[in-house]
Amino acid sequence: MNYPSRVMTIAGSAAGGSAGIQADLKTFQELDVYGMSIVTAIVGRHPKTNKNVHPQTIEAIEAQFATAMNQVGVDGLKTGMLFSKEVIETVVGLIMNAAIETIVVDPVMIGKMNSKLLEDDAIQALKEKLVPLATIITPNVPEASVLLDDRPLMTTEDLQQAAVDLYQLGSEYVLVKGGRLNGPAIDVLYDGKTVTTFEAPRIETVNTSGAGCTYSAAIAAYLAKGKPVSEAVHLSKSFVTTAIEHGYSYTDIVGPTYHIAERKYGEAHNIKVKTMKMR
Ligand code: PXL
């Protein structure tokens with residue numbers, strides 16, 4: 001058989017189309033993998049009540065998962081917005097039952113519009129139950145800080161130490177993304193022995209909505225296609241950097257990245273990669 005690899009996202013629906021499952025599916029399509037989506041919550045601000053997170057029932061989540069597994073099956077998985085402890089525990093059960101091995105956990109906590117995408121009492125379940133199943137976790141600076149009990153993270157050296165410490169939670173790899181620091185966007189990958197940094201130039205834009213979703217979706221796609229983790233991160237960093245470079249906005253609200261950019265313009269970003277052994 002020569003079909004595209006199969007990648008599933010378990011995440012929230014972001015109505016504006018820039019983040020969440022919408023960003024994941026656009027990324028999967030660009031990278032020529034077959035995308036499936038399990039919606040955990042629908043994010044959309046109601047004009048009157050301002051309520052903006054509409055969690056789905058456990059039954060709905062399980063039914064979607066069963067459908068995708070029966071109809072297609074899976075070579076790789078990414079998780080995004082999971083919202084509650086209950087959903088995390090459900091997802092852990094589903095992953096274990098299905099014996100899924102290639103898992104990218106993007107520990108989504110807060111959206112760019114300040115939507116709360118993970119409840120406070122869910123953080124412990126995320127750390128203790130889901131992260132140990134992960135091939136790789138991909139926290140940004142605020143997420144890494146929360147996972148380390150509110151440790152301040154200001155420099156690339158802080159991110160290296162954070163990656164080393166987060167490795168203790170039990171994932172095979174940790175990628176701490178430095179895009180929120182000043183200067184070049186330097187991400188730190190750790191596998192228990194070696195720290196690898198991936199550096200892209202800073203792109204002056206506000207239109208980065210869904211960049212983190214896109215990055216972790218790309219990593220899941222490349223892993224499902226059989227790339228080793230470090231190469232998957234390298235290729236995905238280039239993919240997301242090019243998408244950010246060509247980001248745009250239709251309104252005065254932070255806009256999406258341009259998922260098509262790398263293919264359309266045929267330009268892969270030159271990412272500087274450095275490795276060093278840790279003691
Ligand atoms: O970008 C993080 C994110 C993830 N998932 C969903 C979101 C957002 C940001 O708004 O809405 C569903």
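Reply: Gly12 is found in strand β1 (residues 6-14), where strands (E, at least two residues) and helices (H or I, at least four) are DSSP runs numbered from the N terminus. A word on the ground rules: this is a predicted model, in which local features need pLDDT of at least 70 and side-chain atom pairs count only at pLDDT 80 or more, while totals for chains, interfaces and linings use all residues. Residues are numbered from 1 along each chain as its sequence is written, and side-chain values use heavy atoms, with hydrogens and water left out.

Back to our glycine. Gly12 counts as buried because its relative accessibility is 3%; buried means under 20% relative accessible area, exposed over 50%, and partly exposed in between, with a 1.4 Å probe and protein chains only. Beyond the neighbours within four places in sequence, Gly12 is in contact (heavy atoms within 4.5 Å) with Gly20, Ile21, Gln22, Thr40, Ala41 and Met81. Gly76 lies 64 residues from Gly12 in sequence, and their C-alpha atoms are 18 Å apart.

β1 and β2 pair in the parallel sense over 8 bridges, pairing being counted when DSSP finds at least two bridges between two strands. In that pairing, Ser13 stands opposite Ile42 of β2. To get from β1 to β2 the chain passes through helix α1 (residues 20-30), making a right-handed β-α-β crossover: with the strands pointing away from the viewer, the path from the first strand over the helix to the second runs clockwise.

Strand β2 (residues 34-43) is also joined to β3, by 3 bridges and in the antiparallel sense. Here Val43 stands opposite Val53, and Ala41, one of the contacts of Gly12, stands opposite Pro55.

Stepping back, 10 strands form an open sheet with mixed pairing, in the order β3-β2-β1-β4-β5-β6-β7-β8-β9-β10. β3 (53-55) and β10 (272-277) each have a single partner strand, so one side of each is left without a neighbour in the sheet. Helix α6 packs on the sheet, touching β6 (136-137), β7, β8, β9 (194-200) and β10, and its direction makes about 25° with that of β8. Helix α8 (residues 229-245) lies across β6, β7, β8, β9 and β10, at about 15° to β9. For these angles, axes are lines fitted to C-alpha atoms, for helices over the stretch in contact, and the range is 0 to 180 degrees between N-to-C directions.

Leaving aside neighbours within four places in sequence, Met8 is in contact with several residues, including Phe28, Met36, Ile38 and Gly76.
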